[in-house]
Amino acid sequence: MEDNIISKRTTMEVLDHHITHLAAGNLEEVVMDYADDAFIVTMNGVVKGKDEIRAFFENNIKNVLPPDSVNIIEKKTVHGEIGYIVWNAVSKYYRFRFGTDTFVIKNGRIVMQTFAGITEKL
């Protein structure tokens, strides 16, 4: 996608793109949603910059919630530059009884994300 097209995406368009491509395991499409200096705050620490974000999602797609997982978005809310989702999922590796992410989206890219969840390793 060209940068001028990306910069015009709405918060909902970015959120929908992210959810769809993460569930499908499309690593490059997922990483494209993030600004170069984006960061993700998780229960295990902070993932900073595109290289760390790429590694984070590569591991997630391979070892946590691969494309054959069952993902259910229970709630999706957008207000201005903020996107919020509540979800649950199960794969052959993990069960996420509850997951929540908050996104800050500017110029068509995620600049900050938080994640929290109740998980169990299967």
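Is Arg97 buried or exposed? Arg97 is exposed, with a relative accessible area of 52%. The views below come from a predicted model.

**View 1. Arg97 pairs with Glu120 across two strands.** A salt bridge joins Glu120 and Arg97. The closest N and O atoms are 2.7 Å apart. Glu120 sits in strand E6, while Arg97 sits in strand E5 (residues 94-106). The pair links distant parts of the chain, 23 residues apart. Glu120 is partly exposed, at 28% relative accessibility. Arg97 is exposed because its 52% is over the 50% cut-off. Salt bridges with shared partners join Arg95, Arg97 and Glu120 into one network.

**View 2. Glu28 meets Arg54 in a salt bridge.** The closest N and O atoms of this pair are 2.6 Å apart. Glu28 belongs to helix H3 (residues 27-32), and Arg54 belongs to helix H4. The two residues are 26 residues apart, so the bridge links distant parts of the chain. Glu28 is exposed, with a relative accessible area of 51%. Arg54 is partly exposed, with 29%.

**View 3. Lys50 and Asp36 tie a helix to a strand.** Their side chains meet in a salt bridge, 3.7 Å from N to O. Lys50 lies in helix H4 and Asp36 in strand E1 (residues 34-42), so the bridge ties together parts that are 14 residues apart in sequence. Asp36 is exposed, with a relative accessible area of 62%. In total, the model has 8 salt bridges.

**View 4. Helix H2 covers residues 11-24.** How far apart are the end C-alpha atoms of H2? They are 20 Å apart. The buried residues of H2 are Thr11, Val14, Leu15, His17, His18, Ile19 and His21. Just after H2 comes Gly25, with a positive phi of about 80 degrees.

**View 5. His18 is buried in helix H2.** Its relative accessibility is 3%, so it falls under the 20% cut-off for buried residues. Which residues does His18 contact, beyond its neighbours within four places in sequence? They are Val30, Asp33, Tyr34, Phe57, Phe103, Ile110 and Gln113.

**View 6. Arg109 is a buried residue of strand E6.** Strand E6 covers residues 109-121. Arg109 has a relative accessible area of 16%, so it counts as buried. Neighbours within four places aside, its contacts include Asp3, Ile6, Val14 and Lys50. Met32, Asp33, Tyr34 and Ala35 are also among them. Arg109 and Ala38 are 71 residues apart in sequence. In space, their C-alpha atoms are 8.7 Å apart.

View 7. Ser69 is buried, at 10% relative accessibility. A polar atom of its side chain lies 2.7 Å from the backbone oxygen of Pro66. Ser69 also touches Val90 and Ser91, not counting residues up to four places away. Ile19 is 50 residues from Ser69 along the chain, and their C-alpha atoms are separated by 13 Å.

**View 8. Three residues form a nonpolar patch on the surface.** The patch is made of Phe39, Val41 and Val46. Together they have about 210 Å² of accessible area. Val46 lies in strand E2 (residues 45-48). Val46 is partly exposed, with a relative accessible area of 43%.

Conventions:
Residues are numbered from 1 along each chain as its sequence is written. This is a predicted model: local features need pLDDT of at least 70, side-chain atom pairs count only at pLDDT 80 or more; totals for chains, interfaces and linings use all residues. Side-chain values use heavy atoms; hydrogens and water are left out. Helices (H or I, at least four residues) and strands (E, at least two) are DSSP runs, numbered from the N terminus. The expected span of a helix is 1.5 Å times one less than its number of residues. Buried means under 20% relative accessible area, exposed over 50%, partly exposed in between (1.4 Å probe, protein chains only). Contact means heavy atoms within 4.5 Å. Patches are made of residues with over 30% relative accessible area and no salt bridge: like charges are joined within 9 Å, nonpolar side chains (Val, Leu, Ile, Met, Phe, Trp, Tyr) within 5 Å. Accessible areas come from the Shrake-Rupley method with a 1.4 Å probe; for residues, only the protein chains shown count as cover. A salt bridge is a side-chain nitrogen of Lys or Arg within 4 Å of a carboxyl oxygen of Asp or Glu. A polar contact is a pair of N or O atoms within 3.5 Å; within protein, one must be able to donate a hydrogen and the other to accept it, and residues adjacent in sequence count only if both atoms are side-chain atoms.
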